[in-house]
Amino acid sequence: MHLMDRITTQPDVMGGKPTIRGLRVTVGTILGLLAAGHSIEKILEDYPYLEEADIRAALQYAAWRVEEIELPLGA
């Protein structure tokens, strides 16, 4: 499984926000915890159903989204 395969979006789960493996944990939640200084170990302790690869996938997804370019469809 590629890391990015762990990121899912479903309209009926968390309002369509990117989540980890369809669970009710958003990429934003993971990034927020990391930004607040929580270690990967602490996150895994608090969310025992997550795997380290899930956290790395959230980081990879965020890096990809930051580099994404939106182009206007025309005026």
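A residue counts as buried under 20% relative accessible area, as exposed over 50%, and as partly exposed in between. In this predicted model, Tyr-49 has a relative accessibility of 45% and is therefore partly exposed. Tyr-47, at a relative accessible area of 21%, is partly exposed as well.

A pair of aromatic rings is described by the distance of the centres and the angle of the planes.

| Pair | Centre to centre | Angle between planes | Type |
|---|---|---|---|
| Tyr-47 and Tyr-49 | 6.1 Å | 90° | edge-to-face |
| Tyr-61 and Trp-64 | 5.6 Å | 50° | tilted |

Tyr-61 and Trp-64 both belong to helix H3, which covers residues 52-67. They are 3 residues apart, about one turn of the helix. Tyr-61 has a relative accessible area of 13%, so Tyr-61 is buried. Trp-64 has a relative accessibility of 44% and is partly exposed.

Helix H3 also meets helix H1, which spans residues 27-35. How do the axes of the two helices cross? They come within 9 Å and cross at roughly 100°, and H1 and H3 are therefore roughly perpendicular to each other. On the H1 side, the contact is made by Val-27, Ile-30, Leu-31 and Leu-34. On the H3 side, Ile-55, Ala-58, Leu-59, Tyr-61 and Ala-62 take part. The residues of this contact comprise 9 nonpolar, no polar and no charged. Tyr-61 thus has a place both in the tilted pair with Trp-64 and in the contact of H3 with H1.

Note on methods. Residues numbered from 1 in each chain as written. Predicted model: local features only at pLDDT ≥ 70, side-chain atom pairs only at ≥ 80, totals over all residues. Heavy atoms only, no water. Phe/Tyr/Trp six-rings, centres within 6.5 Å; stacked < 30°, edge-to-face > 60°. Buried < 20%, exposed > 50% of the residue type's maximum accessible area, 1.4 Å probe, protein only. Helix = DSSP H or I, 4+ residues; strand = E, 2+ residues; numbered from the N terminus. Axes fitted to C-alpha atoms, helices over the stretch in contact; angles between N-to-C directions. Parallel < 35°, antiparallel > 145°, perpendicular 65-115°, else oblique. Contact = heavy atoms within 4.5 Å. Nonpolar A, V, L, I, M, F, W, Y, C, P; charged D, E, K, R; others polar.
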